[in-house]
Amino acid sequence: MSSSPETVAKVILRALTTRNPRARYVATPDARVMLAVMLRMSDGMRDAIAVRTALAGARPAELKWQRDLATSHRSLSELLRRQDDRENALVEAQRGLEILEAVARQAPQDLDVESELATAHTAVGNALWARGDTTAALAAYETALSRRTRIAAARPEGERVDLVLLQKI
């Protein structure tokens, strides 16, 4: 969500004229969420997200970079969930899922991408569970299980597929 130039100008004016300026100011609700997330991350996590975002943005057709970025968002979601930041944990899990859904549209037959999608649905389920939204969490877990079942059916005989998804149930 972007802000109007007038809103941004007001924020800048406030920053320039206040007696005790803060280190950071935000002009949009999205920026406020991102700032809250960034302040909770370690420098290493911030750097990893920044590098992976830059790489993925520079070459959107490079699916490996997109998948790496999705993994970073999923890891950040787990970190935030463990820090009891349930709202931002869900936002990050959903970002990772959205990235993987775009990758899957480009590589619809890739079983590894399908597996990562199942893991992303589980991460969304975990974040929803932490928020107390058990109905939506169950739906996310069921989607993950359905994907894992399709993967198991599509894999050649003898390949092992881990179906342990519902750790909390």
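Which residues have the most contacts inside the largest nonpolar core? I found V124 and L128, in a core of 25 residues. I noted that such a core is a set of buried Ala, Val, Leu, Ile, Met, Phe, Trp, Tyr and Cys residues joined through side-chain atoms within 4.5 Å. Buried means under 20% relative accessible area, exposed over 50%, and partly exposed in between (1.4 Å probe, protein chains only).

A note on the source: this is a predicted model, where local features need pLDDT of at least 70, side-chain atom pairs count only at pLDDT 80 or more, and totals for chains, interfaces and linings use all residues. Residues are numbered from 1 along each chain as its sequence is written, and side-chain values use heavy atoms, leaving out hydrogens and water.

Next I looked up the neighbours of V124. Leaving aside residues up to four places away in sequence, V124 touches L90, A93, Q94, L97 and A140 (contact means heavy atoms within 4.5 Å).

Then I turned to the rings. I found one aromatic pair in the structure. The ring centres of W129 and Y141 are 6.4 Å apart and the planes stand at 50°, so the pair is tilted. For Phe, Tyr and Trp (its six-membered ring), pairing needs centres within 6.5 Å; planes under 30 degrees apart are stacked, over 60 edge-to-face, and the rest tilted.
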